[in-house]
Amino acid sequence: MPFPTPRQADPAPFSRGREADTDKPAILKIVIAGGFGVGKTTLVRAVSEIEPLTTEEYLTQASAPTDKLHGVEAKDTTTVAFDFGRFSLDMPLPLELFLFGTPGQDRFVDLWYDLSHGAIGAVVLADTRRLEASFTAVSFFERIGLPFIVAVNQFDGAHRYPEADIRDALDLPAVIPVLFCDARVTTSVAGVLLTLIDQALSQASTRPAHTTLQDA
Amino acid sequence: MNSRHPQAFLAADAAGDESSVVRNYTLTAGRTRPRYTLSLDSVLETGPGRPGPALPEECVRIVSLCQQRRRSVTELAGTLGRPVSVVRILISDLLDAHALRVPATTTAPSADPTRQLLEALSAGLKARWPDAVSYAQAG
């Protein structure tokens, strides 16, 4: 899987000569990855303090092999839309959590890489009607060593597969939690986030201290 | 390499509104690369400077949004309805004008979150939504 090269630009100037902003909340982030229509925006909306924003970014990437067959040499630029939501907590520490909902196709892997850097982990939101759409996200997060869980959004009328079947279909190791959720329901989504945090905590105690994404 | 990008901007918006293509190009004065590295989750707050008169109205809006609270690059782009690549360039101009700055210590998450922060987030979530349960044990 190709990894993007870092952008060549100056680091943003930090404020200097001021006392530390210890009163400002620390920022944490979680990535929500899933296929089109699986309920990412709904999930973000369930806990966000703002109406989820759809933000566009250009991605430049090498042309797909099919383009090369037609002699197209230029790189493709595609537009990817992703969701953003956030909420703040005061207790026990002032914290702000950013939620990024990102499409599940492997051509957006650059975006996943960007969003995964420094993230708590990822929720792979899955739809049992199209489980295969989650496969790329699962293997990506596995590869970079980012803690992740699989949350199956229970659509009305969708066939309810046993957890073991989902695990099998996604080739998930036993340590990765699989749970069912309703992306419309705030407490259900909060439960998903809690599960991911637990997963990150248990993985943090077992993984080496200085794992970086580049090592993956 | 740079010569490719004006076309790239156009290509990316080919399916979109033509005026937004032109606007994005005008906003950045044809530039395609931001001066500063800004992550999608970098947050900005206002600084002592003001956006220069030559800067577009979108810059005034960015400063005004950051006056209310610090905001991430993604939130600013989403609120303005402009692509992140364009907004990064505008933010770079505002950083140069000292109208914006990156908060001294509370930068975007750049390292893996500490155990202490994870535990605090978990406790905070449980306090906010007491009915929410982690499924980790159930699996």
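A residue counts as buried here if 20 or more other C-beta atoms lie within 10 Å of its own. Keep that cut-off in mind and start with chain B. Of its 139 residues, 44% count as buried. The model is predicted.

**Stop 1: chain B as a whole**

Colour chain B by secondary structure. It has 6 helices and 4 strands. Now look at contacts in chain B between residues at least 6 apart in sequence: 68% of them join residues at least 24 apart.

**Stop 2: the sheet of chain B**

Select β2, β3 and β4 of chain B. These 3 strands form an open sheet in the order β3-β2-β4, with antiparallel pairing. At its edges stand β3 (71–72) and β4 (100–101) of chain B. Each has a single partner strand, so one side of each lacks a neighbour in the sheet.

Zoom in on β2(B), residues 43–46. It pairs with β4(B) in the antiparallel sense, over 2 bridges. Which residue of β4(B) is the bridge partner of B:Glu45? Select B:Arg101; that is the partner.

**Stop 3: B:Arg50**

Select B:Arg50. Its place is the loop between β2 and α3 of chain B. Is it buried, partly exposed or exposed? There are 15 C-beta neighbours inside 10 Å, so B:Arg50 counts as partly exposed.

Show its surroundings. Leaving aside residues up to four places away in sequence, B:Arg50 touches B:Ala97 and B:Ala99. Then draw a distance to B:Leu100.

**Stop 4: helix α4 of chain B**

Move to α4(B), residues 73–80. Here 6 of the 8 residues are buried, so the helix is largely enclosed by the rest of the structure. The buried ones are B:Val73, B:Thr74, B:Glu75, B:Leu76, B:Ala77 and B:Gly78. Step past the end of the helix to B:Gly81, where phi is positive, near 70°.

**Stop 5: where the chains meet**

Show both chains. 55 residues of chain B are in contact with 56 residues of chain A. On the chain B side, the elements that give two or more residues are α1 (4–12), β1 (36–37), α4 (73–80), α5 (84–96) and α6 (115–128). Which of them gives the most? Select α6(B), which gives 11 residues. Colour this side of chain B by class: 31 residues are nonpolar, 15 polar and 9 charged.

Strands also pair across the boundary. Strand β1 of chain A, residues 10–11, runs parallel to β1(B), joined by 2 bridges. Select A:Asp10 and its bridge partner in β1(B), B:Tyr36.

**Stop 6: strand β5 of chain A**

Hide chain B and select residues 95–103 of chain A. This is β5(A), and 9 of its 9 residues are buried, so the strand is largely enclosed by the rest of the structure. In a regular strand, side chains alternate between the two faces of the sheet. Show the side chains here. A:Leu95, A:Leu97, A:Leu99, A:Gly101 and A:Pro103 point one way, while A:Glu96, A:Phe98, A:Phe100 and A:Thr102 point the other.

One pair to select is A:Leu28 with its bridge partner A:Leu97.

**Stop 7: the largest nonpolar core**

Bring chain B back. The largest nonpolar core has 86 residues. Those that touch the most other members are A:Ile30, A:Ile32, A:Val123, A:Val124, A:Val150, A:Ala151 and B:Ile91.

Centre on A:Ile30. Beyond residues up to four places away in sequence, its contacts include A:Leu97, A:Leu99, A:Ala119, A:Val123 and A:Leu193.

**Stop 8: helix α3 of chain A**

Select residues 109–116 of chain A. The buried residues of this helix are A:Leu111, A:Trp112, A:Asp114, A:Leu115 and A:Ser116. Just after it comes A:Gly118, with a positive phi of about 80°.

**Last stop: confidence**

Colour chain A by pLDDT. The average is 82, and 78% of the residues score at least 70. Over residues 1–7 of chain A the pLDDT is below 50; this stretch has 7 contacts in the model beyond near neighbours in sequence. Residues 66–73 of chain A are also below 50, with 3 such contacts.

Conventions. Residues numbered from 1 in each chain as written. Chains lettered and ligands numbered in written order. Contact = placed C-beta atoms within 7 Å. Nonpolar A, V, L, I, M, F, W, Y, C, P; charged D, E, K, R; others polar. Pairing = 2+ DSSP bridges. Buried ≥ 20, exposed ≤ 12 C-beta atoms within 10 Å, placed from the backbone. Core = buried A, V, L, I, M, F, W, Y, C linked by C-beta atoms within 7 Å. pLDDT = per-residue confidence, 0-100.
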